Amino acid sequence: MLICRFRTWILLLLLMFPNLFGPSLSHFDSAKKKQLREKVRKMFYHAYENYMTHAFPHDELKPLTRSFTNSLSELGNLKLEHLPQNYNGTALTLIESLSSLVILVNLFECNIRVLGGLVSAHILASDSTNRLVQGSYKNQLLVLAEDLGRRFLPAFDTPTGLPYAWINLKYGVMKSETTETSTSGCGSLILEMGALSQLTGDPRYESAALRALRKLWSMRSSLNLLGTTLDVETGEWIEHSSGIGAGVDSFYEYLFKAHILFGKEDFWRMFHSAYLAVQKYFRHGPWYHEADMRNGKATHWQLTSLQAFWPGLQVLVGDIAAANSSHREFVYLWKKFGVLPERYLLDHQMLHPTEKYYPLRPELAESTFYLYQATKDPWYIEVGETIVNSLNSYTKVEGGFASIRDVTTMQSEDHMHSFFLAETCKYLYLLFDDSFLVDRNYIFTTEGHPLPVLSAWHERLPEIYIPSNWTYIKNEKQTKRSSAMSLQVCPALNLNSGDGERLVESACHVPDAGSDHKCFSDEECGVDSTSCRRRSCSMAGYCGLWLVV
Ligand code: DMJ
């Protein structure tokens, strides 16, 4: 009894003088964020400097042998990361590199990595309010982007308008080229090619990407589902089974992000139908399985590392409760294996026998970043810390960061993908320091390249979709619309109970261990259902949102 009273007094004192017993938790949080962002900065430069020493100007670093691989994919990312330090030199190197290209590239990869990198870097370089700008810039990157975009166009010259997956940048589509491509391969080009059209005034890039996207959408089933692979000449599906992971992922991402970037209602309508179909036919609790587009029947019960981007997209949509519940499952798997395995068989609760690798993928860090932005729940900072610590313990080598061949043995593989720099490090850094984004309104392409949301690029603002509590920020130059991220809400799910009554339940809700809410430590406290914030154990011994009070 006496102890209880003592705790109550302490609690009251703490409420009145939050710093009475030392620095407040928010102080602690910001010190922790600072320490973590320094850790990530060091990781980035360790990877980047090794790349520059052992691989530049080739595509990707082999960190174990300190050599390089060639697949063109690094070019775009490299330039973006390169701008702050050595801007003029890099632009010139790029110009020389691109003019001599005669290689066969994958259109999708080249688009998201190279064209996206060039377009984004051009926008950053021409923005005088940007701290990245150094020296004089004369649109060299845009010239390169346009040159590359023009080389893409022959790929779209098919009876369907769906582009070939592979194109030779000098000679166009090769004679015996495969006509098979993936949904993401021909449906995730609109952000980069649309931005290129906006910047150059040449509508051909946006038109080509849009025509392909519309054709793809017209091939959906009556359930609003798409397959994974198709034939660009006939417009027939090859693989009818699909999910939200490999071969499809960025198709969904680009429908919604194109709506944000260009404001066209068409994109929203397509996305809205597609999103509902995914939630209806692929979702199983917090997991997403694969299903046949024709009948919605489950085909593969697998979790893949690529699917971990989905909660991030759901945050942009505003479906934060669903995002949070899936994200937790991915975090659980990350902790179980130390990193995320490429494929996990949900029906057998075991790793896929041949896909046990972790190639330094960014998706979990990306979703963690979005969820933290939306909720400011410090728990996501802890998740970020776990990811950073795992990367440093299991993947850091003298020559950079190495992929993991097998998560059961943590055996390394001699490859550092370019997305480790362009995405993994970037999203981790932004999780701990979002100052770059403050007062700005960016979307990130699927390769992590920022593109500003500008009213000038909007056909018109889709007023009917903007809730009344969304804010407009005016500055002298342009009007920006804030994204769903600024809402910081945790919408509850509306469920129908059996007797017809509406029950409201939040997917992020985790009850306290004791029904009387008493506790000895934070571990016994759950997650608040309306704010999605983790509750903590007060000195008085009760779970609650004490920091918020
Ligand atoms: C990235 O290249 C892109 O995000 C792509 O859309 C799929 N995922 C890889 C990284 O895992």
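**Ligand site and backbone**

Analyst: Within the shell around the ligand, H4 gives the most, with three residues; helices (H or I, at least four residues) and strands (E, at least two) are DSSP runs, numbered from the N terminus. This is a predicted model, in which local features need pLDDT of at least 70, side-chain atom pairs count only at pLDDT 80 or more, and totals for chains, interfaces and linings use all residues. Residues are numbered from 1 along each chain as its sequence is written, and side-chain values use heavy atoms, with hydrogens and water left out.

User: Which residues surround the ligand?
Analyst: The ligand is surrounded by Phe108, Ile112, Arg113, Asp249, Leu306, Arg361, Pro362, Glu363, Phe419, Glu423, Thr446 and Glu447. A residue is near a molecule if one of its heavy atoms lies within 4 Å of it. H4 and H15 each supply at least two residues of this shell.

User: How does the shell divide by class?
Analyst: The shell has five nonpolar, one polar and six charged residues. Ala, Val, Leu, Ile, Met, Phe, Trp, Tyr, Cys and Pro count as nonpolar, Asp, Glu, Lys and Arg as charged, and the others, Gly among them, as polar.

User: How far is an oxygen atom of the ligand from the side chain of Arg361?
Analyst: An N or O atom in the Arg361 side chain is 2.7 Å from a ligand oxygen atom. For the side chain of Glu423, an N or O atom is 3.3 Å from an oxygen atom of the ligand. Thr446 contributes a backbone N or O atom, 2.6 Å from an oxygen atom of the ligand. The protein buries 92% of the 290 Å² that the ligand exposes when taken alone, by the Shrake-Rupley method with a 1.4 Å probe.

User: Which pocket is the space taken by the ligand?
Analyst: The ligand takes the space of the second largest pocket, as more than half of its atoms lie within 2 Å of the grid points. On a 1 Å grid over the protein atoms alone, where a 1.4 Å probe fits, a pocket is an open set with protein on both sides within 12 Å along at least five of seven lines; lining residues have an atom within 4 Å of a point. The lining comprises 40 residues, with Phe108, Glu109, Asp249, Leu306 and Arg361 nearest the centre.

User: Changing topic, which peptide bond is cis?
Analyst: The bond from Phe56 to Pro57 is cis, with omega near 5 degrees. Pro57 is in the loop between helix H2 (25-54) and strand E1 (60-62).

Key
A polar contact is a pair of N or O atoms within 3.5 Å; within protein, one must be able to donate a hydrogen and the other to accept it, and residues adjacent in sequence count only if both atoms are side-chain atoms.
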